[in-house]
Amino acid sequence: MSSILVVAEHRNQTLADVSYQVLSKGRQLADQAQMELLAAVAGVDIDAYAKELTRWADRVIIVNNDQLEEPLAEPYQKLIAHLIREIRPGIVLMGHSSFAMDLVPSLSVELGIPLVTDCVDIFWQNGDILVTRSIYNGKANASYSFAQSETILITGRVGEFPVEEGQRQGWIEEIEFAFEEECDYKKFEGYLEVEAAGVDITQAEVLVSVGRGIKEKKNLEIVEELARVLGGVVSCSRPVVDYGWLPSERQVGLSGKTVQPKLYLGLGISGAFQHVVGMKGARMTVAINKDAKAPIFSVANYGIVDDVLKVVPALVNKISELKGRTE
Ligand SMILES: Cc1cc2nc3c(=O)[nH]c(=O)nc-3n(C[C@H](O)[C@H](O)[C@H](O)COP(=O)(O)OP(=O)(O)OC[C@H]3O[C@@H](n4cnc5c(N)ncnc54)[C@H](O)[C@@H]3O)c2cc1C
């Protein structure tokens, strides 16, 4: 294998978090096998992204083209197919974003190359690349090897690969790419932003997460108070969304968001695998549950076996008191 190519995504003037995550993984794999790491970024006014990517990649390929300004799979498929034919990378790596989900299956079919999506690990074994996927709703993991192919396609699950600081100083190569015909059968209409009052739980350093164990909506008040004194935000398990106590963008888990806060407090959450799969990247987890056998305790660093409605007010008082002493 000659090189690894990471296709970077950007939205609203920022590189996607998942692109940093797969870049870090790509850097690691390239170093282990002494391969060149390439990154590709396309669109309009992309010089700043390219410069940023040089911190990880040995070479950054930029393609300025207004048909690639928005994340539309069809024109990108043409570009990436062209890059693969020209560069012949051993591995093409992307984040498992909705854009990639739209793009990679047809790219794989067009080029006749193997694809494994939504991988939670990617590693070398005896000179071959292997990937791990989470299967049966997260109950088991499976490893996959690839059929013999000059190039393989992999997408990495969002939030699975920690971002490591880029230490490189790669170089930038601009290439010309012209579309033979316009891909006009799908049109980008615009981004739908999270409401102004909305909270992005994936960016929070402290998450106070509530489950069915808080019993009723009005008990959220004390949880909000705990989040406030800790400088965090409130997230939740799925039943809390199903009851309409919190909006769906606060849900952590398989059908919610993957989070990696510094501190995750799980209050009255049992720790079903569909929940844990979204928060197991937290640096420190503290669980409060009245059932000592609740599965959440097996992923928690610290646990309190007690009634959450008793513990939370006590925590708020203690933290406020300690903060008062230092202010
Ligand atoms: C396809 C699929 C996708 C799913 N996706 C998600 C997802 O993204 N996120 C998610 O969270 N779930 C998801 N689920 C649901 C998941 O299986 C669980 O049902 C859910 O996580 C349970 O939420 P919970 O822990 O809040 O509730 P429960 O499992 O009911 O647990 C409540 C906990 O609170 C404790 N408790 C009760 N009262 C108190 C008290 N007073 N003090 C302290 N502790 C107390 C109980 O001991 C219990 O452990 C999904 C399920 C399916 C099938």
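Entry 1: I began with Tyr-191, which has a relative accessibility of 31% and so counts as partly exposed. Why not buried or exposed? Buried means under 20%, and exposed means over 50%, so a value in between is called partly exposed. I note here that the model is predicted.

**Entry 2: aromatic pairs.** Next I looked for rings that pair. How many aromatic pairs are there? The count comes to five. I then looked up the pair of Phe-177 and Phe-179: the ring centres are 5.0 Å apart and the planes stand at 85°, so this pair is edge-to-face. The step rests on a cut-off, because planes over 60 degrees apart count as edge-to-face. Are these two rings buried or exposed? Phe-177 is buried, at a relative accessible area of 13%. Phe-179 is buried as well, at 14%.

My tyrosine came back in another pair. Phe-188 and Tyr-191 have ring centres 5.0 Å apart and planes at 70°, so they too are edge-to-face. Phe-188 has a relative accessibility of 26%, so it counts as partly exposed. Tyr-191 was partly exposed too, at 31%. I wrote down both a distance and an angle for each pair. A pair of aromatic rings is described by the distance of the centres and the angle of the planes.

**Entry 3: the domains.** The assignment gives domain 1 as 3–174 and domain 2 as 201–326. How far apart are their centres? Taken over C-alpha atoms, the centres are separated by 33 Å. The domains do touch: nine residues of domain 1 are in contact with seven residues of domain 2. I also wanted the area between them. The size of an interface is often given as the accessible area lost when the parts come together. Here the two domains bury about 690 Å² between them, and 48% of that is on carbon and sulfur atoms.

**Entry 4: the nine-stranded sheet.** I traced an open sheet of nine strands, in the order E9-E8-E7-E10-E6-E1-E4-E5-E11. The pairing in this sheet is mixed. Which strands are at the edges? Strand E9 (140–145) and strand E11 (171–174) are the edge strands, and each pairs on one side only. From one strand to the next, the twist averages 35°.

E9 pairs with strand E8 (residues 128–135) in the antiparallel sense, over six bridges. Within E8 and E9, Thr-132 stands opposite Ser-143.

Then I looked for a helix against the sheet.

**Entry 5: the five-stranded sheet.** I traced another open sheet, with five strands in the order E13-E12-E14-E15-E16 and parallel pairing. Strand E13 (233–236) and strand E16 (302–305) are at the edges with a single partner strand each, so one side of each has no neighbour in the sheet. On average, neighbouring strands here are turned by 20° against each other, direction ignored.

I stopped at strand E14 (residues 263–267). How many of its residues are buried? Four of the five are, which leaves E14 mostly covered. Strand E12 (residues 206–210) runs parallel to E14 and is joined to it by five bridges. Val-206 has Leu-263 in E14 as its bridge partner. E14 also pairs with strand E15 (residues 284–289), in the parallel sense and over five bridges. Leu-265 stands opposite Val-286 in E15. Gly-266 stands opposite Ala-287, again in E15.

Helix H5 (residues 220–230) lies across E12, E13 and E14. H5 runs at about 170° to E12.

**Entry 6: one glutamine.** Last, I looked up Gln-274, which is found in helix H7 (residues 273–279). Gln-274 has a relative accessible area of 33%, so it is partly exposed. Which residues does Gln-274 touch, leaving out those up to four places away in sequence? It touches Gly-253 and Leu-254. I also checked Gln-274 against Val-252: they are 22 residues apart in sequence and 8.8 Å apart in space, C-alpha to C-alpha.

Conventions:
Residues numbered from 1 in each chain as written. Predicted model: local features only at pLDDT ≥ 70, side-chain atom pairs only at ≥ 80, totals over all residues. Heavy atoms only, no water. Pairing = 2+ DSSP bridges. Helix = DSSP H or I, 4+ residues; strand = E, 2+ residues; numbered from the N terminus. Axes fitted to C-alpha atoms, helices over the stretch in contact; angles between N-to-C directions. Phe/Tyr/Trp six-rings, centres within 6.5 Å; stacked < 30°, edge-to-face > 60°. Buried < 20%, exposed > 50% of the residue type's maximum accessible area, 1.4 Å probe, protein only. Domains from an automatic or database assignment. Contact = heavy atoms within 4.5 Å. Buried area = accessible area lost by both parts, 1.4 Å probe.
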